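The following account leads the reader through two sites of one protein model.

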Amino acid sequence: AATPAASPEPPHGPPAFEGTAWMLASLEGRTVPSGSGATLRFDGERVSGSDGCNRFAGPWSGRGATLKIGPNLAATQRACPEAQRALADAYGRALLAATAWRIDGTTLRLLGDGGTLLASLEPQPTGLAGTAWRIVAYNTGRQSVTGVGAGAPLTIEFGTAGGVRGSAGCNTYSGAWTESGGRVTVGPLRPTRMACAEPKDVMARAAAVLRALASAATARREGDRLELRTATGAIAVSAVEAPAR
């Protein structure tokens, strides 16, 4: 499933962007690399997303066909390779320079002064069915989130018929999942019982990851990343997209 495209509003109405999420497709008419990770999301009077290097958030406003993002966008300060950094800088400039918008089909165009095309964005897929992910961090159950560390990859795949499966180290697991109205449930999960040569701490990590998955109540995709959160809003699991088997 994909986020519905925004529809143009009457000249004096606000743009219908509430709750929509987008992925950067091109800058100034030039296609950006696939999987750049640059995104944009509208929630209330705030925008957030990733420039492909760092996360950002800040205000936005609009009326009719006009649009203003910023001027003050707070961003993280992670260092990135030069090519990634250059794309992020260009995307940031385009966001701040936008003065108008239009929808062509399902594509959101951000326009600058004189109607100059600054950026094109496509709807962000939101559904989990048919997707696969590599888990990179999980809730320990002790009010903290930690990276998975070394060892066999931990994965999760959401089937199209309500089944879920993945790797939990040397063992695999399977179970059920549901998704409806922004809510998600995972489990119960059934791991295999192979005898493993992995250290006890690695085995304990796998068990903790399964408990974290089972605590998920909501899911949010952004670019190639997935966040599962608990009913109280805490991160349950963070993952990055991976090819399905």
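The side chain of T232 makes a polar contact with the side chain of T230, at 3.0 Å. A polar contact here is a pair of N or O atoms within 3.5 Å; within protein, one must be able to donate a hydrogen and the other to accept it, and residues adjacent in sequence count only if both atoms are side-chain atoms. The model is predicted, so local features need pLDDT of at least 70 and side-chain atom pairs count only at pLDDT 80 or more, while totals for chains, interfaces and linings use all residues. Residues are numbered from 1 along each chain as its sequence is written, and side-chain values use heavy atoms, with hydrogens and water left out.

T232 is placed in the loop between strand 18 (225–229) and strand 19 (235–241). Strands (E, at least two residues) and helices (H or I, at least four) are DSSP runs numbered from the N terminus. Because its relative accessibility is 74%, T232 counts as exposed; exposed means over 50% relative accessible area, buried under 20%, and partly exposed in between (1.4 Å probe, protein chains only). The C-alpha atom of T232 is separated by 8.6 Å from that of A217, 15 residues apart along the chain.

Attention now turns to the cysteines. C53 and C80 form a disulfide, with their sulfur atoms 1.8 Å apart; the term denotes a pair of cysteine sulfur atoms within 2.5 Å. By this rule the count is 1 disulfide. C53 lies in the loop between strand 4 (46–50) and strand 5 (55–63), and C80 in the loop between strand 7 (74–75) and helix 1 (82–97), so the pair ties together parts 27 residues apart in sequence. C53 is buried, with a relative accessible area of 5%, and C80 is buried at 17%.
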